[in-house]
Amino acid sequence: MLLLSATDLCKTHGLKIIFDHISLHIDSGDKIGLLGVNGTGKSTLLRILSGLAQADEGEIQTSNQLVLEYLPQHPDFDEDATVLQQIFRGESPFMKVLRNYEQTLDALERYPGDQQLTQQLLDLSAQMDAQNAWQLESEAKAILNKLGIHDVSAKVQTLSGGQRKRIALAGALIRPCNLLILDEPTNHLDHEAIEFLEQHLKNKNCALLMVTHDRYFLDRVTNRILELSNGKLYAYEGNYETFLELKTQREEEQQRIQEKAQALYKQELAWMRKGVEARRTKQKARIERFYQLEDSLTVQQEDKLEISLQHSRLGKKIIELDHLHKTFGDKVCIDDLTYTVVRDDRIGIIGNNGLGKSTLLNIIGKQLPYDSGSVILGDTVRIGYYTQDNNDLPLDMRVIDYVREKGEYIHSSDGSLISAARMLERFLFSGAQQHAFIHQLSGGEKRRLYLLGVLMDDVNVLLLDEPTNDLDIQTLQILEDFIDHFNGPVLAVSHDRYFLDRIARRIFAFEGNGVVDIYTGNYSDYAEKKQQAEPTEAAPAPKEKKGDTRQRTQKIKFTYQEAKEYDTIENDIAALETQIQQCDLDMAANSTDFAKLNELNQQKERLEQQLSEKMERWEYLMNKAEQIAQQK
C-alpha cells in the first residue's frame, strides 16, 4: 500500500538550495535509509514529510490510512513527567487510556486507600481490557529495559541527555503507526541497544524512513536507500552494500555523460568563436543550445572531503598507564589498568554507557584527575581530543575566522601550504558558508568544523569520543582514511561497529566494576572471541528408535501434483517477474496520479507475495529433485 507520495519538492535557505524538485514515495513494506553529507537537508526533509515544516514548492499526498510517528534529533520533553508518562504521550484514544492509567496508578501509590482513585483505576483497567492495552504497556517496559532504562517512575528532569534520547526512541517504537520516521536513532545507544533496535526495526510491521550513519545498521535493516546530494534525490533499491555498488555505477555513467558534454562544448565553442551570424532560426537555436550546454557544465559536482595534514614529531615514549584506578563515589570505573600505548596503536574503546569509557579519555587528556596509579605522557606528545560535544566552538565567530585562529596557512603532508579558506573548501564549506556565523550551521556541520579544528592543531595523538555521532558517512570515510595515514596512536570510544572494524587493531572492553579487558583485533574479532568464550549447552543427539530402518530406506519420489508443478514452476516464476517489471513501468508513467499509484502498488505487492511463495516452493522442489537423483 502506498502511504505517502511527494512530488517536486523545493526548499531554499537564504541563497542556498536545500532540494530542487525532488520526488519520492513510501510504500508499506519500505525500510528506507536517507543519506547525505551534513547540511544537505536530510532533517529538513524528514520534518516536511512529517508535516512539521513546509516546502517552498511541491505537493505531498498521503493515504487516508496513514498513521505517522516521528522522532526528531532533539525531541521535546515534559520535565515533570515520569519515564512512562513521557513515552505514552499522544492524543489517540489508545495512548490516552495508557497515560491516564499510569497517572492514576502513580497517584494511588502516593495516596493509598483513596476510594475515588481506586474506582478510577478500576474503570481504566476495564478500558485497558477493552483496548487490549496491557500488551503495549508490557512491551513499553521491555523496550525501555533493552535500551538501558530500568526505573520507569523516574522523572525526566533527573535523566542525562543520552537517557532522554532513549526514552524518546522507546516512545516512538511503541506508539501505533504504519510509518515510522527516525532522525539519528542510534546516537547515544551502546552496542547491545543498537543490536536490539536493529532486530526490532527489521521485524516491526510498518514502513520506516530514517537518517543514520551506522553502516552496519543500514546494511541489515534497509531495503531502499535515498541519497540527498546537491539538491537532488537519488533512489537505490537494496541495502547499504547494494547502494555503494549502484552509486559507483551512477557516478561512472555521469562521468561518461560529462565527458561527452565537454567534447561537444569544445566543438560548439569553436563554432561560436567564428562569429557566425545569429539571425537565421537554425543558428539562433544552435546558440541557445550552446548556452544551455554551458549552463549544464557548471552544475556543481558532488563534493569530496579531503584531509591531508602534517603533524609534529612523536618520540619513543608516548602514553604509559600503570595500575590506573578511578572511582566516582562507590562506583568503580577503572580498576588496575596497565597499558603502554605505542605509535601505531589503533584502540577501540567499547562497553555499555556509564561504565567509564569517556572517563579514561578525560584522564589521558588531563581533563580529569585519577585516584591512584600513574599516567605518564611523553615530552613530545601533543593530544588532539575530539569530545562528544562541541561546546568549545565560539558560536558568534565566523567560520573562516575560527579556522584562521589555527593558522592562516596549514602544512599538508607533502609539505605544501594550504590556506584556511582552501582547507574549509576541502571540508565542504562553500565560500558563503565560510563567512557565516558558526551558530548558523547545522548540528552536523558544527561537528565537521569541530573535527577540522582538532585535526589542525598539529597533534600527534588522537583521542576520539563518539566521533560517529552526527557525522555523515562521507566524513566518516575520510576520517577513517586519515586515521590509516596518521603517524601516531588513536584511541576511539565508539558504538559504531563498522567504524571499529575499519580502524581498530585492539579493543579495550569495559565490562563493569572497573574491569577493562584487552583484546587483539577489531570489533568483529572481539565479538567472535566473546561468543566462543560463552558456555553453550550441547543439544542432545536424537535417539534412533528401533524398527526405524524401513522408514530410513524408503525411496523419495514426487507426488503426481509435485511432478506437474516441477515441470511448470520456472515458467510461472518468469511470468510473475515480467508482471512486476510492468508494474514498475506503469508506476513510473503514473507518478503524479496518486489513486493509480496506490492501485498499482497494491497489485505489485500481491505479485511480489506470489513470487515469494513460488520461490520457496521452487527451492523445496529442487531440493527434492536432487534427493531423488542421488537415489539412482
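Predicted model: local features only at pLDDT ≥ 70, side-chain atom pairs only at ≥ 80, totals over all residues.
I started with C10: at 8% relative accessibility it counts as buried, where buried means under 20% relative accessible area, exposed over 50%, and partly exposed in between, with a 1.4 Å probe and protein chains only. Numbering runs from 1 along each chain as its sequence is written, and side-chain values use heavy atoms, without hydrogens or water.

Next, C206. I found this one buried too, with a relative accessible area of 5%. Its closest cysteine sulfur is in C177, 4.4 Å away, so that is too far for a bond. Taking a disulfide as two cysteine sulfur atoms within 2.5 Å, I get 0 disulfides.

Then I went to K326, which sits in strand β10, residues 319–328 (strands are DSSP E runs of at least two residues, helices H or I runs of at least four, numbered from the N terminus). K326 is a buried lysine at 7% relative accessibility. I traced its side chain to the backbone oxygen of P369, at 3.0 Å. I noted 21 helices and 20 strands. Buried residues make up 46% of the 632 residues. Of the contacts with a separation of 6 or more, 68% are between residues 24 or more positions apart.

Key
Contact = heavy atoms within 4.5 Å. Polar contact = N/O pair within 3.5 Å; in protein donor to acceptor, adjacent residues only side chain to side chain.
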